[in-house]
Amino acid sequence: MNLHEYQAKELLAGLGVPTQRGIAVESVEDAVAAAKKLNEDTGTEWWVIKAQVHAGGRGKGGGVKLAKSLDDVKSISDQILGMQLVTPQTSAEGKKVHCVLVAEDMFYPGESEPQEFYLSFLLDRANHQHMVMYSPKGGMNIEEVAEESPEDIYTESINPATGMLPFQARKIAYNLGLSGAAFKDMTKFIGKLYNAYLKLDASMLEINPLLKTSDNKMVVVDSKLTVDNNALFRHKDIAEMRDTREEDPTEVEASKHNLNFIKLDGNVGCMVNGAGLAMATMDIIKLAGGSPANFLDVGGTANAKTVEAGFRIILQDPQVKAIMVNIFGGIVRCDRVAQGVVDAYQNIGEIKVPIIVRLQGTNAEEAKEIIDKSGLKVHSAILLKEAAEKVQSVLEQG
């Protein structure tokens with residue numbers, strides 16, 4: 001589950017990680033009040049207004065601006081709130097901004113020049129370890145840094161059994177070019193951040209920029225946090241932070257029915273049980289000349305209601321010109337799926353797109369009988385290749 005910047009900072013601050021202070025608001029009036037509050041609490045006279053959307057590159061799209069007065073806070077927040085923010089990580093349509101973060105200015109005079117670094121913790125699945133990725137070139141698009149100057153990207157593997165070792169923290173601080181008080185503060189900061197990464201069950205924690213202030217302190221200025229969905233049962237407070245406005249509406253609807261759904265840009269709707277079979281189904285549709293419109297795994301507990309819900313979700317996509325149902329009955333019974341197909345037709349009404357059904361395994365014969373007796377215009381298939389070819393055939397017939 002992805003979190004907003006302000007949510008990630010709130011969680012990190014609660015675990016002792018130094019963060020830039022800010023207040024999230026959803027109106028211009030509250031933005032001005034937040035700026036005044038920050039001035040009282042921190043003495044800051046400048047503020048950073050940041051759009052809160054699940055996408056990077058907000059500054060490039062005009063979603064991050066510096067306000068040097070309360071009038072600026074008012075005008076900038078008015079510009080950003082409600083805008084369709086387009087960044088390199090959004091679609092051409094962009095994302096609507098419902099919330100902004102009013103944050104304190106961290107660039108103040110001091111004994112040294114401020115510096116921006118990039119730092120992230122993520123899972124290295126290939127090596128079965130955690131990994132720290134970091135760079136002295138923070139505040140920039142890390143993909144561009146990796147492409148243009150890969151020598152500025154460093155990585156450090158962390159064995160989960162031993163955790164972050166002291167020498168590794170020192171190595172990171174050294175590679176970032178730090179010394180003296182800043183070096184010492186970074187080694188402490190790295191340890192706190194790694195502990196937060198573990199306690200939050202994060203699959204990715206990115207800090208960009210990580211700021212070395214003019215008084216040699218390390219502070220999180222921007223953060224992206226992705227929490228492993230499989231661990232949310234341990235974090236009810238984090239689960240409540242989910243912002244469904246940032247997600248595809250069909251994916252939100254699917255989650256209500258415990259369906260694993262990902263929207264794609266093809267024209268063949270797919271309904272399958274099991275992630276592996278779903279991937280194989282999408283591959284063979286592609287090989288037959290079609291293009292998958294979605295990934296939809298009804299899981300091992302599929303019944304008539306979940307199958308009907310799957311149909312409704314797939315049919316919300318106007319690009320879908322055919323639907324392929326591919327069920328291998330093991331835990332899930334094929335007759336339940338067949339009944340779901342029939343119920344979907346009866347409850348939804350006329351389904352204008354052709355449906356190709358392949359049911360194999362537990363109660364497959366009973367399933368075929370249910371569909372045959374229903375009188376529905378459903379194309380049946382035995383082999384997976386045959387089903388994919390029938391999909392392409394009906395598409396070509398229009």
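Strands β8 and β9 form a hairpin with 4 residues between them, and His128 in the turn has a positive phi of about 60°. The structure is a predicted model, in which local features need pLDDT of at least 70 and side-chain atom pairs count only at pLDDT 80 or more, while totals for chains, interfaces and linings use all residues. Residues are numbered from 1 along each chain as its sequence is written, and side-chain values use heavy atoms, with hydrogens and water left out. Helices (H or I, at least four residues) and strands (E, at least two) are DSSP runs, numbered from the N terminus.

Asp124 has Gln129 in β9 as its bridge partner. Strand β8 (residues 115-124) is also joined to strand β11 (residues 202-212) by 7 bridges, and these two strands run antiparallel. Here Leu122 stands opposite Met204 in β11. Strand β11 also contains Pro209, which is linked to Asn208 by a cis peptide bond with an omega of about 10°.

An open sheet of 4 strands was also identified, with the order β2-β7-β3-β4 and antiparallel pairing. Strands β2 (22-25) and β4 (64-67) stand at the edges; each has a single partner strand, so one side of each is left without a neighbour in the sheet. On average, neighbouring strands of this sheet are turned by 20° against each other, direction ignored. Strand β3 (residues 47-51) is joined to β4 by 4 bridges, in an antiparallel arrangement, and Trp47 stands opposite Ala67 in β4. Helix α1 packs on the sheet, where it touches β2, β3 and β7 (100-104), and its direction makes about 50° with that of β7. Such angles run from 0 to 180 degrees between N-to-C directions, and axes are lines fitted to C-alpha atoms, for helices over the stretch in contact. Helix α3 (residues 70-80) lies across β3, β4 and β7 and runs at about 5° to β3.

Val100 lies in strand β7 of this sheet. With a relative accessible area of 0%, Val100 is buried; buried means under 20% relative accessible area, exposed over 50%, and partly exposed in between (1.4 Å probe, protein chains only). Val100 and Ala51 are 49 residues apart along the chain, yet their C-alpha atoms are separated by 4.5 Å. Leaving aside neighbours within four places in sequence, Val100 is in contact (heavy atoms within 4.5 Å) with residues including Ile23, Val25, Ile49, Ala51 and Leu81.

His4 is found in the loop between β1 (2-3) and α1 (5-14). This residue, His4, is buried, with a relative accessible area of 3%. When its neighbours within four places in sequence are left aside, the contacts of His4 are Gln52, Val53, His54, Asp243 and Glu246.

The packing of one helix pair was then examined. Two packed helices are described by the angle between their axes and the distance between the axes. The axes of helix α5 (residues 166-175) and helix α6 (residues 180-199) come within 9 Å and cross at roughly 130°. That angle makes α5 oblique to α6; angles under 35 degrees count as roughly parallel, over 145 as roughly antiparallel, 65 to 115 as roughly perpendicular and the rest as oblique. The contact is formed by Ala169, Arg170, Ile172, Ala173 and Tyr174 in α5, which meet Phe183, Met186, Thr187 and Ile190 in α6. These contact residues divide into 7 nonpolar, 1 polar and 1 charged, where Ala, Val, Leu, Ile, Met, Phe, Trp, Tyr, Cys and Pro count as nonpolar, Asp, Glu, Lys and Arg as charged, and the others, Gly among them, as polar.

Two asparagine residues in loops were also considered. Asn216, although not a glycine, has a positive phi of about 65° and lies in the loop between β11 and β12 (218-220). Asn216 is buried, with a relative accessible area of 14%. The phi of Asn258, a residue other than glycine, is likewise positive, near 60°. Asn258 is located in the loop between α8 (249-256) and β14 (260-263) and is exposed, with a relative accessible area of 67%.

Terms used: Pairing = 2+ DSSP bridges.
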